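Subject: Structure handover

Hi,

Here is the structure I promised. Please open it alongside this email, as the notes below follow it element by element.

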Amino acid sequence: MDEGLNNILIVGAGPVGAVCALALQQQGIAARVLEARPADARVDTRILALSHGSQLILDRLGVWDRLADVTPITRIHISQRGALGVARLAAEDVDVPALGYVLPYAVLTAALKQALADSRIAVEYGVAVDRIVPGAEAAALHAADGRTLAAPLVVVADGGRGDAAPAPKFERNYEQMAVVCEVQTELPHANQAFERFTPEGPAALLPKGDRYALVWTADNADAQRIAALPDEAFLAALYRHFGGRQGLFLHASPRKTFPLRLAYTGSEAADRVVRIGNAAQTLHPVAGQGFNIGLRDAWELASLCGDTPPEALGSAAMLAAYARGRRVDVIGGLGFTDFLVRVFSNDIAPLRHARGLGLLALEVFPPLKSFVARRMIFGARG
Ligand SMILES: Cc1cc2nc3c(=O)[nH]c(=O)nc-3n(C[C@H](O)[C@H](O)[C@H](O)COP(=O)(O)OP(=O)(O)OC[C@H]3O[C@@H](n4cnc5c(N)ncnc54)[C@H](O)[C@@H]3O)c2cc1C
């Protein structure tokens with residue numbers, strides 16, 4: 001069954017699709033969202049690290065105050081195992097209340113879902129989009145329930161999981177996995193995060209409630225082995241890996257793993273179709289960039305739509321302007337993340353020393369410290 005022409009159709013009500021719909025509404029543009037998951041689906045337990053910049057976006061959309069279970073990061077301690085060099089970043093270095101925030105994906109998606117409902121944005125849950133057909137005047141969505149919907153602009157925010165996702169323009173498989181869980185340490189976290197680089201891969205402790213969220217990366221076989229360790233052996237291995245800055249590791253929740261890769265598909269999809277968030281790029285979590293870049297995608301696209309005359313929404317010129325506007329931030333975030341993973345995940349002596357010098361420079365050279373902190377908060381600017 002064919003339906004009339006919509007304004008903008010969004011595929012996926014994950015954080016990026018939901019933020020896009022809310023930001024479009026602030027621009028006075030109605031969007032309709034199709035989400036494959038049923039309204040009452042349980043989402044997974046992943047933990048997100050939000051930058052101060054993402055916090056500002058959520059605040060402007062009226063979502064920030066709805067969030068519970070948010071833990072601020074006011075300091076970040078960066079080190080490498082078995083070598084000199086420590087750098088510390090603090091919120092006051094860049095004059096912000098927090099460098100970032102840690103919260104469960106489930107909390108964010110629930111708050112966004114409520115905000116969508118309160119704003120009376122049309123969201124259809126349990127409707128998967130099977131196929132998108134581009135066109136000169138409008139793109140058509142074919143939903144699994146048999147309907148076809150058309151709009152001058154279709155925004156794909158499906159996390160890159162749609163069957164029809166194009167092949168990435170650039171891809172790197174790090175052959176690494178992240179082992180994630182929550183851990184309790186002997187010493188309280190005092191809102192300090194740790195990023196520790198080791199030859200096997202980076203590991204991060206992010207303050208969450210009265211515990212830490214752990215992201216421990218290792219090559220695929222090691223990660224599977226680590227995740228399968230019984231609690232006591234896991235806690236002892238973590239102590240050996242991370243060191244004793246937080247005292248002993250006392251307790252760990254069940255471990256989960258997920259594969260890490262870099263994939264850059266880009267926003268350019270086809271006529272009248274644009275990809276944003278994880279649908280456009282997937283990053284290694286080492287620098288906490290991926291999710292935050294996705295939110296900026298959504299925000300910038302909505303702003304551009306607001307600045308575009310209604311008859312030009314989704315035009316080739318508008319989509320080219322969007323791609324141009326996002327290039328520096330996205331490619332900068334991809335490059336920065338890839339650089340960190342590749343330069344820090346090895347034990348080559350000259351690199352080890354260079355890394356030590358780099359961390360030292362970061363520690364003692366305030367403009368560099370401010371540059372790195374600002375990049376992690378706001379992304380790269382053109
Ligand atoms: C297993 C896993 C663990 C992660 N852990 C972390 C972490 O610890 N820290 C961190 O910062 N980031 C993490 N990330 C990355 C983070 O989750 C993403 O950056 C973020 O979720 C991107 O948001 P998004 O809205 O683009 O995509 P998603 O959150 O994936 O949302 C996409 C939405 O689209 C819907 N959808 C998919 N296909 C269709 C379709 N055909 N039709 C309609 N709807 C569809 C999905 O149901 C979903 O609701 C993780 C990612 C994964 C996959």
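First, one definition: helices here are DSSP runs of H or I with at least four residues, numbered from the N terminus. The glycine just after helix 1 needs it: glycine 28 takes a positive phi of about 80 degrees. Please keep in mind that this is a predicted model.

**Overall**

The chain has 382 residues, and 53% of them count as buried. It contains nine helices and 22 strands. Among contacts with a separation of 6 or more, 73% join residues 24 or more positions apart.

**Helix 1**

I started with helix 1, which covers residues 15-26. Its twelve residues span 17 Å from first C-alpha to last, close to the 16 Å expected at 1.5 Å a residue. Is helix 1 mostly covered or mostly open? Covered: ten of the twelve residues are buried. The buried residues are Pro15, Val16, Gly17, Ala18, Val19, Cys20, Ala21, Leu22, Ala23 and Leu24. The cover includes strands as well as helices: strand 2 (8-11), strand 3 (31-35) and strand 13 (153-156), plus helix 2, helix 3 and helix 6.

**Helix 1 with helix 3**

Two packed helices are described by the angle between their axes and the distance between the axes. For helix 1 and helix 3 (residues 105-118), the axes come within 10 Å and cross at roughly 30 degrees. Angles under 35 degrees count as roughly parallel, so helix 1 and helix 3 are roughly parallel to each other. The crossing is left-handed. Helix 1 brings Pro15, Ala18, Val19, Ala21 and Leu22 to the contact, and helix 3 brings Tyr105, Leu108, Thr109, Leu112, Ala115 and Leu116. By class, that contact has ten nonpolar residues, one polar and no charged.

**Helix 1 with helix 6**

How do helix 1 and helix 6 cross, and what is the angle? Their axes come within 8 Å, at roughly 25 degrees. That makes helix 1 roughly parallel to helix 6. The crossing is right-handed. On the helix 1 side are Pro15, Val16, Val19, Cys20, Ala23, Leu24 and Gln26. They meet Phe291, Gly294, Leu295, Ala298, Trp299, Leu301, Ala302 and Cys305 of helix 6. The classes here are 13 nonpolar, two polar and no charged residues.

**Helix 2 with helix 6**

Helix 6 (residues 290-307) also packs with helix 2 (residues 52-60), at an angle of about 40 degrees and with the axes 9 Å apart. Helix 2 and helix 6 are therefore oblique to each other. Helix 2 passes helix 6 in a left-handed crossing. From helix 2 come Ser54, Ile57, Leu58 and Arg60; from helix 6 come Asn292, Leu295, Arg296 and Trp299. This contact divides into four nonpolar, two polar and two charged residues.

**Isoleucine 331**

One last residue to look at. Isoleucine 331 sits in helix 7 (residues 316-344). Is isoleucine 331 buried, exposed or partly exposed? Partly exposed, because its relative accessible area is 39% and that class runs between 20% and 50%. Isoleucine 331 and glycine 266 are 65 residues apart in sequence, with a C-alpha to C-alpha distance of 9.6 Å.

Best wishes

Key. Residues numbered from 1 in each chain as written. Predicted model: local features only at pLDDT ≥ 70, side-chain atom pairs only at ≥ 80, totals over all residues. Heavy atoms only, no water. Axes fitted to C-alpha atoms, helices over the stretch in contact; angles between N-to-C directions. Helix = DSSP H or I, 4+ residues; strand = E, 2+ residues; numbered from the N terminus. Parallel < 35°, antiparallel > 145°, perpendicular 65-115°, else oblique. Left-handed = near helix turned anticlockwise from the far one by under 90°. Contact = heavy atoms within 4.5 Å. Nonpolar A, V, L, I, M, F, W, Y, C, P; charged D, E, K, R; others polar. Expected span 1.5 Å × (residues − 1). Buried < 20%, exposed > 50% of the residue type's maximum accessible area, 1.4 Å probe, protein only.
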